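Let's walk through this structure together, one region at a time. Please keep the sequence and the 3D view open as you read.

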Amino acid sequence: MKKVLIANRGEIALRIIRTCHEMGLRTVAVYSTADADSLHVRFADEAVCIGPPASGESYLRPDRLIAAAEVTGADAVHPGYGFLSENAEFSQICSDHDLTFIGPSPETIRLMGEKSRAKETMAEAGVPVVPGSDGIVASMDEGKRIADEIGYPVMVKASAGGGGRGMRLVHKAEDFEQLYEGARSEADAAFGNPAIYIEKCVVQPRHIEIQLVGDGQGNVMHYGERECSIQRRHQKLLEEAPSPVMDEDLRHRMGEAAIRGASSINYEGAGTIEFLVDAEKNFYFMEMNTRIQVEHPVTEEVTGCDLIEHQIRVAMGETVTRTELPINGHSIECRINAEDPARKFSPSPGTITAFHQPGGLGVRVDTHAYTGYRIPPNYDSMIAKLIVHGDTRERAIRRMKRALDEFVIEGVKTTIPFHQQLMENADFQAGTFDTQFMESFTYTPPE
Ligand code: MV4
């Protein structure tokens with residue numbers, strides 16, 4: 001591997017370029033006309049325009065990405081997150097063109113993308129799963145029977161879904177028909193696949209995920225967990241490592257379970273196993289993500305590992321030789337979005353008229369933004385990730401407060417004031433929150 005094409009934009013494109021350059025790899029950026037002034041274009045060794053602002057005509061076009069790789073002589077492709085990162089066909093097209101796809105095989109991406117098959121696969125490997133249907137339900141009547149058997153409340157989930165799409169919570173038998181049909185038609189419309197599976201509802205769970213890297217030969221290492229329960233409409237707002245509810249024993253058991261699951265499919269690349277964790281600390285497999293994730297930096301901060309480097313090393317054929325790592329201190333990431341928290345987090349695109357980022361010991365900012373940068377309306381609204389590290393959770397929170405106070409972004413609304421209020425919240429400070437936290441958190445705009 002000599003030259004990597006980064007099939008992405010924004011902060012993650014820049015993040016990948018940085019590691020490539022440290023590893024002595026050449027880089028190729030691709031960009032839409034809306035991103036001509038973006039930093040990933042400036043910092044890559046070469047850059048190729050791949051189309052107009054609409055993602056469907058640029059970052060989501062395999063033909064244009066492959067053409068860009070061919071004209072620049074790239075021999076590998078890093079997909080980042082979002083866009084084509086979990087697209088099995090794209091992984092296949094890359095290998096068909098003798099390009100190393102930095103990620104799993106098409107078969108693995110496809111398997112984990114079918115949530116019901118993914119769950120069956122994990123259960124067979126001995127990973128705890130939520131009780132429910134054996135795979136896809138064949139009919140409404142069968143669904144009802146299973147729901148009665150396992151007991152309400154139940155979750156009706158689209159097999160092609162994920163991240164909360166095509167999912168319904170059913171409290172009682174008389175609501176089943178309507179919600180089952182709703183989930184089916186939503187899944188059919190959104191994914192062209194109406195398949196549904198059912199499981200018992202885990203009430204007020206935490207979302208805790210295990211980071212891992214596999215070498216494709218059955219060797220898998222885990223990097224501990226991330227606590228991702230602070231979400232709004234299935235969009236994470238803040239993540240941390242370790243989880244405030246974690247202890248050495250639970251981490252070891254969740255890590256071992258994740259390794260068993262990933263090893264059973266000879267997983268290759270960086271991946272994440274998401275778990276639901278209930279109040280008694282029982283954990284259940286939810287989904288596997290087959291990409292590098294937005295929140296990977298908190299794991300880097302507490303393990304000292306460059307996850308992009310590890311991802312590239314296994315893509316080069318290196319073997320994974322350990323199973324776990326010591327965890328040092330505490331890290332928190334706040335997602336800084338160009339959104340107005342006072343207006344239901346509605347997007348706030350526009351030109352950044354002033355940008356000053358915090359610094360100092362234990363502070364990291366992953367961003368592609370700068371003073372004068374115009375945030376295009378075509379893509380997601382995240383403009384920076386503010387990541388802190390401290391010896392303890394309390395110290396990390398104090399450092400985050402200080403860093404948020406230093407962060408100046410003018411010209412657009414941002415989620416900075418939301419995070420400042422979150423840092424003062426008693427349940428956040430105590431670590432006693434779950435995935436329902438944002439349902440009751442009320443943001444009050446400052447005077
Ligand atoms: C669940 C659940 C409770 N019980 N499954 C939401 C996203 C998708 N990946 C699965 N999700 C859930 N599945 C059972 N059996 C609760 C959720 C859920 C959730 C999970 C993680 C983070 C935030 C969430 C918000 C609402 C519901």
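This is a predicted model: local features need pLDDT of at least 70, side-chain atom pairs count only at pLDDT 80 or more; totals for chains, interfaces and linings use all residues.

**A walk from the loops to the ligand**

P242 sits in the loop that runs between strand 13 (238-241) and helix 9 (248-264). The peptide bond that links A241 to P242 is cis, with omega at about -5 degrees. There is another cis peptide bond to look at, between Y152 and P153, where omega is about 0 degrees. P153 belongs to the loop between helix 7 (140-150) and strand 6. These spots deserve a look because most peptide bonds are trans, just as most residues other than glycine have a negative phi.

Q204 has a phi near 40 degrees, a positive value although the residue is not glycine. You will find Q204 in the loop between strand 8 and strand 9 (206-215), and at 52% relative accessibility it counts as exposed. K281 also has a positive phi, near 65 degrees, and again is a residue other than glycine. With 33% relative accessibility, K281 counts as partly exposed.

Now step back to the overall layout. The protein is divided into domain 1 (3-102), domain 2 (131-200) and domain 3 (206-440). Between the C-alpha centres of domain 2 and domain 3 there is a distance of 30 Å.

Of the 17 residues around the ligand, the ones that come nearest are K157, E199, K200, V202 and E287. Strand 6 (154-162), strand 8 (196-200) and strand 15 (283-289) each supply at least two residues of the shell.

On the side of E287, an N or O atom in the side chain is 2.7 Å from a nitrogen atom of the ligand. The ligand has 520 Å² of accessible area on its own, and the protein covers 91% of this.

Follow strand 15 onward and you reach Q293, in the loop between strand 15 and helix 10 (296-303). Is Q293 buried or exposed? Q293 is buried, with a relative accessible area of 1%. Its side chain makes polar contacts with two partners: the side chain of T272 at 2.5 Å and the side chain of R226 at 3.2 Å.

Finally, consider the cysteines. A disulfide is a covalent bond between the sulfur atoms of two cysteines. How many disulfides does a search of the whole structure find? The search finds 0. For C20, the closest cysteine sulfur is in C94, and at 14 Å it is too far for a bond. C94 is likewise in no disulfide, with the sulfur of C20 as its nearest cysteine sulfur. C20 counts as buried at 0% relative accessibility, and C94 counts as buried at 0% too.

Methods
Residues are numbered from 1 along each chain as its sequence is written. Side-chain values use heavy atoms; hydrogens and water are left out. Domain bounds come from an automatic or database domain assignment. A residue is near a molecule or strand if one of its heavy atoms lies within 4 Å of it. A polar contact is a pair of N or O atoms within 3.5 Å; within protein, one must be able to donate a hydrogen and the other to accept it, and residues adjacent in sequence count only if both atoms are side-chain atoms. Accessible areas come from the Shrake-Rupley method with a 1.4 Å probe; for residues, only the protein chains shown count as cover. Helices (H or I, at least four residues) and strands (E, at least two) are DSSP runs, numbered from the N terminus. A disulfide is a pair of cysteine sulfur atoms within 2.5 Å. Buried means under 20% relative accessible area, exposed over 50%, partly exposed in between (1.4 Å probe, protein chains only).
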